[in-house]
Amino acid sequence: MRKCILLCYRRMFKVNKKRKIICRVALLQKYVKSFWNQIVGCCIGYKSIKYRKLSYHHHSTSTTTTMPSPSISAALEDLVALKICLLGDNQIGKTSFLTKYVGKERGEERCSTSGLNQMDKILCVKGARISYTIWEVQGDVSACNQIPTACKDSIAMLFMFDLTSRCTLNSVISWYKQARQWNQTAIPVLIGTKFDDFVQLPLDVQWTIANQARAYAKALNAALFFSSATYNINVNKIFKFITAKLFNLPWTMERNLTIGEPIIDF
């Protein structure tokens, strides 16, 4: 009889011990899963710069009004909208430059009439969602009428010229004067486009244009970048520079003043 009772106790002890082990393993799995989700969340949410697409929703013809969900409303409230304008002569590559930055699959022209093009880009910087609304002023006869619209409330103004055409560089001064009439505080950036064609020029011509561009940038108190939309040279760096300067973030990019290479001077 004692042996039976002892055997029963032993069996019960083994069952209880097995249950405890199972419970502990399940609890450990729960903590591991929670910890892993936090790691993944940090990697996604606090990545230095992550780009997102702007979504445009077309309303139906129905008279029923659909209210946005709380999550969408919260996302919209958390979005910081900032405006940037692009100015320069016609046919210097402004649209190609803008399309390269925004991306054809991410960008969408919202306005292409009356001498203005407008594209949007959303990025996430250290957990903050920023929407850059970029206004491109076409360099035709209607430009003078569109400069006030593009420049007002802009946080940065990009003055662009064709590196292979010195007359477009000379025009920068006029663009700058007109823009500053409507905005005195925006960050100025001088951008030379078509660097891939520029490097095909003789070195003495490159030296002359580069030094003139640096002198203009100094006079305008602007940073200077040589870029190429075709090969995506310095396109993203320009907007990273603007973001770093605007939000007082660390900027590790070094100057490059070597003739024959894409110049960065700030």
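Colleague: Why are helix 3 and helix 9 called roughly perpendicular to each other?

Modeller: In this predicted model, the axes of helix 3 (residues 94–102) and helix 9 come within 9 Å and cross at roughly 75 degrees. Angles of 65 to 115 degrees count as roughly perpendicular, and the two helices are therefore described in that way. Their contact is made by F97, K100 and Y101 of helix 3, together with V235, N236, I238 and F239 of helix 9.

Colleague: What makes up that contact of helix 3 with helix 9, in terms of nonpolar, polar and charged residues?

Modeller: The residues of the contact divide into five nonpolar, one polar and one charged. By the grouping used here, Lys counts as charged, whereas Val, Ile, Phe and Tyr count as nonpolar.

Colleague: What puts the buried residues of helix 3 on the same side of that helix?

Modeller: The buried residues of helix 3 are K94, F97, L98, Y101 and V102. Around the axis they cover an arc of only 120 degrees, and so they lie on the same side of helix 3. As background, an α-helix has 3.6 residues a turn, so residues three or four places apart point the same way. Helix 3 is followed by G103, whose phi is positive, near 90 degrees.

Colleague: How do you know how the span of helix 9 stands against the expected one?

Modeller: Helix 9 (residues 235–247) has 13 residues, and from its first C-alpha to its last it reaches 19 Å, which is close to the 18 Å expected at 1.5 Å a residue. Its buried residues are V235, I238, F239, F241, I242, T243 and A244.

Colleague: What makes N248 count as buried or exposed?

Modeller: The cut-off for exposed is over 50% relative accessible area, and N248, at 71% relative accessibility, therefore counts as exposed. N248 is found in the loop between helix 9 and strand 8 (264–265). Phi of N248 is near 55 degrees, a positive value in a residue other than glycine.

Colleague: Why is K194 called partly exposed?

Modeller: K194 has a relative accessible area of 27%, and since buried means under 20% and exposed over 50%, with partly exposed in between, K194 is therefore placed in the partly exposed class. This residue sits in the loop between strand 6 and helix 7 (195–198), and K194 too has a positive phi, of about 60 degrees, although it is not a glycine.

Colleague: How do you know whether T193 is buried or exposed?

Modeller: T193, which lies in strand 6 (residues 187–193), has a relative accessible area of 4%; because buried means under 20%, T193 is classed as buried. Leaving aside residues up to four places away in sequence, T193 touches I92, M160, F161, D162, L163 and S227.

Colleague: What makes I134 buried, and which residues does I134 touch?

Modeller: I134 lies in strand 4 (residues 128–137), and its relative accessible area is 0%, so by the cut-off of under 20% I134 is buried. Not counting residues up to four places away in sequence, I134 touches residues including L98, Y101, V102 and F239. I134 and V102 are 32 residues apart in sequence and 9.3 Å apart in space, C-alpha to C-alpha.

Colleague: How many helices and strands are there in the protein, and what share of its residues counts as buried?

Modeller: The protein has nine helices and eight strands, and of its 266 residues 38% count as buried. Among contacts between residues at least 6 apart in sequence, 71% join residues at least 24 apart.

Technical notes
Residues are numbered from 1 along each chain as its sequence is written. This is a predicted model: local features need pLDDT of at least 70, side-chain atom pairs count only at pLDDT 80 or more; totals for chains, interfaces and linings use all residues. Side-chain values use heavy atoms; hydrogens and water are left out. Helices (H or I, at least four residues) and strands (E, at least two) are DSSP runs, numbered from the N terminus. The expected span of a helix is 1.5 Å times one less than its number of residues. Buried means under 20% relative accessible area, exposed over 50%, partly exposed in between (1.4 Å probe, protein chains only). Axes are lines fitted to C-alpha atoms, for helices over the stretch in contact, and angles run from 0 to 180 degrees between N-to-C directions. Angles under 35 degrees count as roughly parallel, over 145 as roughly antiparallel, 65 to 115 as roughly perpendicular and the rest as oblique. Contact means heavy atoms within 4.5 Å. The arc is that of the directions from the helix axis to the C-beta atoms.
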